[in-house]
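These notebook entries record what I looked up in the structure shown below. I kept each entry brief and defined each term where I needed it.

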Amino acid sequence: MNMQARTSYCGLSHGLSSLLNSVTSKRCHRHVKVCATVALLTLLGLPARSQETPDLTQKSLEDLMNIEVTSVSRKEQKTSQAAAAVFVISREDIRRSGALSIPDLLRMVPGLDVAQIDASKWAITARGFNGQYSDKLLVLIDGRAVYNPIFAGVFWDSQNVPLDSIERIEVIRGPGAAIWGSNAVNGVINIITRKADDTQGGYVAAGLGYIGTGPETIGYGGKARHLGAFRAYAEGFHYNSLPTFTGIDGRDDWRLVHGGFRTDSTLSAKDSLTTEGEVYAGNAGEFTLTPLSLQPPVTATVALHDIYSGWNALIRWNRIISSRSDTSLQVYFDRTNRGDTTYALGLNTFDIDFQHHILWGTRQDIVWGLGYRVSSDDTSPTLRIVFTPNDRVTQLFSSFVQDEVALRRDRLHLSLGARVEHNSYTGFDVEPSARLVWTPDSKNMAWGAVSGADRTPSRSDTDIRVNYTALPGPGGVPVLVSIFGNPNFRNERLTAFEAGYRNTWTSRFSLDSTIFYNRYRDLVSVEPGATRIETNPAPAHLLVPESFGNGLHGETHGIELFANWKVASFWTLSPGYSFFSMHLHPFAGSQDFTDAAGTEGGSPDHKAQLRSSMSLPWNLQWNASAYFVNRLPAVSIPSYTRLDTNLIWHAGERVSISVAGQNLLKNLHPEYSGPNSTVQPGLMRRAGYAKITWSF
Amino acid sequence: MINSAGNTKRRTCISVRILALLSAFLVASDAFQPARAQPATDEYKVKAAFLFHFAQLVDWPAAALNATDQTISLCVFDDESRLQELQSTLEGKSVGTRTLHVRQLSQAQATQGCNILFLSHDESLRQAAVLRSLRGQPVLTVGETGNFLSDGGMIRLRLDEDKIRFDININAADSSRLKISSRLLMLATTVIRGGERDRRK
């Protein structure tokens, strides 16, 4: 539910404002500070003499404009102080990544599982349970939830933001439900676009490569008299299909056009207004195993063509009441349509959120909020997928409060929060969280958290019927194998224990580590039902039913490590490693003895990455990223190492040209396949790509 | 504990200061920062030097400057960390026949007597209100936030790939009878003039 970055910090970054206050406090006498500065420099191994900074006022303005500066911006400090496993992809990271899509960008986040399924589909999650519809990861774009309440997951193919207009992407591994609401069970991805004031002027980008064409982007930002700053953009691309395991063309080429706008206006000294909107249309193919007819019973892998479109609009009003109190009110509407010959759905979402942030006394930083969301969908029954009822309206009422208390200022901060929700499926739901941050000194920071988070049911858990397979049975009677939603499906529940430690050994080397232990209850299981004769759909056939249950429970644990090493002033290396282990068990009474193994083996146990970023002479930048992902035994994906690299040339202030290579080590390897995806996976190709951007 | 209260306080201060500085280094070495071509300098030291040049390249109306004490007052709100950088770089520097004096304003204090007002990111909450109260007053306003110029500020300092750039709202300066030299206008990335926007670079 959180509306903007700032409020997210309120929730997740513990004690930062108090920290900032202390940094700027007047308690310190100046000579003490000077002593401290000298002490620090000694600490850093610099000779004290070098500290005598030259008198910068003697330099000309032109020289000053060429000096590179370090900035202690609030944002970055906040991230480094957050009591959660947070990773921020900055604008610079985006520029240097060579990525063409948001999922490709997310690969750089240590501990996040990103696996491409085919040209337009990805399986993305944190801390296990990956799948085409990863139902435990909440994704927001500028405060708009893009988690689909029908299939419980994110359609990544319809979440496109021109990468150059992204300010940053905050990725939180671990539960964020106390702030962000249900379904933020294993992680939250918050995509934040740039303010219109920061994207003034024109922008044109074009790309071409073995991967496909685009994205071709055109954007313009300006200021209008009554509107304030605005920008508008249009973008389109066509990515080529990938081959499948069997060597044939996957027919999964992906086309998309979208356009949108953002305005940021100042209404008064205290009020500011942001509006955003987007419209998109796209289509992508896939091969899927689906029943084609019941009489005669035919099931085959066929090429489907998914067509989708939608639009959304958001308005957010921020009001500053005083320097210690501010509110925001956000309303959005989102329309999604999509379908192929095996399913069709339309979804309207209306959401309104209010938040109030207040500094109370000298030690407390409080955020509370109220929210309401109504989703109404319309689905069309097909031979493969039927929702009962076809159309449904669901409502979500939510409220939350979070209080961040400085137990010992600059040393120990506690944040307590809880969210209470009421949803149409399971009623009331409470998701609490407690986080503690300890900063014993300036080089070390440790945090720990205990939180509860729930994955609430979606339409596909309760109302769906999927006819998987139609096959000829004994005596020529058609047999239909189907899975049914369970109207009594309960929340999947998590209790998470996390701890993290950040250390800045030297100015050149920093380390971020997290360990976690998660306990899950009431996880989804697939329970067999009694075989019976069914007459509808005609003709009469033998039905082999299965239905969803809450029959599994289990534990996961893991370690996530990330370091940043400035080898030299022009070269940075960022290694990362994560270990993950999952053990699921059926509850007594559950007859699901297969899904546990499938889910356990669907996430890699070891992952490692190394990113290198180097500034070269002649305005060149060379970046390379290697990602090792261990095998996925349950889905027969062998381990692989992915190597991506790019070279960027800034030809003057306005033009940059880049060439990139993807999957350089191994041509034609898969990254993901079932069980939580019905799609024939594509094989990742070695590919090259060139891009030119021009700003004016 | 044998520490006297003063000692504790002092130690707290030292570590606070270290924390502040180290965060600068930490951020510099963090994932969020690009590799640098040369050793970086603290942002606010450089920004202070920019302010010095602004003081030189802007002409105030004669009545605006204090005739008796021959100073130019640079005011900054209750902001210890910035204040120190500004004072150490600027205090007592001569600008023409005058000397620069860095003055700290408390939260509620009026901006009377200020010739230059620097509003950092930290002041974003009150920025619009402060700028409105100064409309038409001969005070050179320098700020940092994205909507500083649209709020009526005159010069916005910003970071572009770790280098400092500035934009000028010449309308605001004109209405306050401040004359900004053409040299400064030439070096600005963007100049807002008569409702339209010049992008030079």
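**Entry 1: the two chains**

I began with burial and noted that buried residues make up 50% of the 696 residues in chain A. I counted a residue as buried if 20 or more other C-beta atoms lie within 10 Å of its own, as exposed if 12 or fewer do, and as partly exposed in between, with C-beta atoms placed from the backbone. The model is predicted: local features need pLDDT of at least 70, side-chain atom pairs count only at pLDDT 80 or more, and totals for chains, interfaces and linings use all residues. Residues are numbered from 1 along each chain as its sequence is written, while chains are lettered from A and ligands numbered from 1 in the order in which they are written.

For chain A I recorded 10 helices and 34 strands. Helices (H or I, at least four residues) and strands (E, at least two) are DSSP runs, numbered from the N terminus. Chain B has 6 helices and 12 strands, and 52% of its 201 residues count as buried.

I then looked up contacts, meaning pairs of residues whose C-beta atoms, placed from the backbone, lie within 7 Å. Among contacts between residues at least 6 apart in sequence, 63% in chain A join residues at least 24 apart; the corresponding value in chain B is 53%.

**Entry 2: confidence in chain A**

I checked pLDDT, the predictor's confidence in each residue, from 0 to 100. Chain A has a mean pLDDT of 85, and 90% of its residues reach 70 or more. Over residues 1-52 of chain A, pLDDT stays under 50. It also stays under 50 over residues 71-78 of chain A. Where pLDDT is low, the predicted coordinates should not be read in detail.

**Entry 3: a sheet in chain A**

I traced an open, mixed sheet of 5 strands in chain A, in the order β2-β7-β8-β5-β6. Strands β2 (85-90) and β6 (144-145) of chain A stand at the edges with a single partner strand each, so one side of each has no neighbour in the sheet. Two strands pair if DSSP finds at least two bridges between them. β2(A) runs antiparallel to β7 (residues 166-173) of chain A, and 6 bridges join them. In β7(A), A:R168 is the bridge partner of A:S90.

**Entry 4: strand β6 of chain B**

Which way do the residues of β6 (residues 116-119) of chain B point? B:I116 and B:F118 point one way, B:L117 and B:L119 the other way, and all are buried. In a regular strand the side chains alternate between the two faces of the sheet.

β6(B) is joined to β3 (residues 71-77) of chain B by 3 bridges, and the two run parallel. B:V76 stands opposite B:F118. β6(B) also pairs in the parallel sense with β7 (residues 140-143) of chain B, over 4 bridges. B:G143 in β7(B) is the bridge partner of B:L119.

I also looked up B:Q137, found in the loop between α4 (124-133) and β7 of chain B. B:Q137 is partly exposed because 16 other C-beta atoms lie within 10 Å.

**Entry 5: nonpolar cores**

A nonpolar core is a set of buried Ala, Val, Leu, Ile, Met, Phe, Trp, Tyr and Cys residues joined through C-beta atoms within 7 Å. The largest has 85 residues, and A:L105 and A:I124 are among those with the most contacts inside it. Apart from this core lies another, of 54 residues, including B:V58 and B:L131.

Conventions: Two residues are in contact if their C-beta atoms, placed from the backbone, lie within 7 Å.
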